[in-house]
Amino acid sequence: MKRVEKRTINLLGQSQDFVLRRPPRTRYLRLRISSDGALSVAAPRSYPIFLINQFISSRAQWIVTNIKKVKDRHSLLSLKHQASEIKKYKITTKELLESRLKHFNQSYNFSFRRIAIRNQRSRWGSCSSKGNLNFNYRLCLLPPDLADYIIVHELCHLGQMNHSKHFWQLVAKAIPDYKARQKDLKKL
Ligand SMILES: [Zn+2]
């Protein structure tokens with residue numbers, strides 16, 4: 001029996017690829033949707049394929065819904081541009097960051113070191129423990145209220161390097177409706 005197999009199954013009328021793994025000592029069937037929307041299934045070594053297919057089919061709706069969610073979330077982030085466009089967007093994002101960071105930091109007064117604008121396809125922004133802020137060059141393509149949310153989110157990591165209650169309280173000072181903006185961001 002193969003340890004890793006590529007298979008296909010019909011879910012709600014659509015063919016769906018998945019990777020079937022049989023890691024040692026696995027005793028239960030487990031489904032996983034990775035951050036790029038790929039489906040994988042871990043199964044015990046001796047488990048027959050028809051039972052695995054039955055298990056996946058019984059969760060068809062959940063799988064289809066969640067793969068769509070993951071893919072939608074990445075659609076704007078995964079947009080590819082030509083070098084000249086990237087250069088242009090980087091300049092716009094830099095201007096946006098300079099003015100909005102200054103605006104929001106008037107009340108927070110955090111000190112940060114370097115601001116970098118990156119071409120990442122997995123995230124909108126990040127904050128390093130050294131106090132450097134990183135943002136995605138695609139930030140200027142977002143609706144302004146969502147870009148503001150990302151800017152404030154990373155800015156607040158200078159005060160709290162975690163996602164604790166205190167962190168969200170900090171975010172809420174500038175963006176009281178941050179939860180609604182998070183939801184909108186996921187829909188993009
Ligand atoms: Zn965060």
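**A guided reading of the predicted model**

Visitor: What distance separates the C-alpha atoms of serine 46 and arginine 22?
Guide: Along the chain, serine 46 and arginine 22 are 24 residues apart.

Visitor: Which residue of β2 is the bridge partner of asparagine 10?
Guide: Strand β1 (residues 4-11) pairs with strand β2 (residues 14-21) in the antiparallel sense, over eight bridges. The two strands form a hairpin with two residues between them, and leucine 12 in the turn has a positive phi of about 50°. Within this pairing, the bridge partner of asparagine 10 is serine 15.

Visitor: What spacing do the donors of the zinc ion follow along the chain?
Guide: The zinc ion is coordinated at 2.0 Å by His153, His157 and His163, each through NE2. Histidine 153 and histidine 157 are buried. Read along the chain, the donors follow the spacing H-x3-H-x5-H.

Visitor: How far apart do the C-alpha centres of domain 1 and domain 2 lie?
Guide: The domain assignment of the chain gives domain 1 as 4-75 and domain 2 as 83-187. The distance between the C-alpha centres of these domains is 34 Å.

Conventions
Residues are numbered from 1 along each chain as its sequence is written. This is a predicted model: local features need pLDDT of at least 70, side-chain atom pairs count only at pLDDT 80 or more; totals for chains, interfaces and linings use all residues. Side-chain values use heavy atoms; hydrogens and water are left out. Donors are N, O and S atoms within 2.8 Å of the metal (3.2 Å for Na, K and Ca); water is not among the atoms, so sites may look incomplete. Buried means under 20% relative accessible area, exposed over 50%, partly exposed in between (1.4 Å probe, protein chains only). Two strands pair if DSSP finds at least two bridges between them. Helices (H or I, at least four residues) and strands (E, at least two) are DSSP runs, numbered from the N terminus. Domain bounds come from an automatic or database domain assignment.
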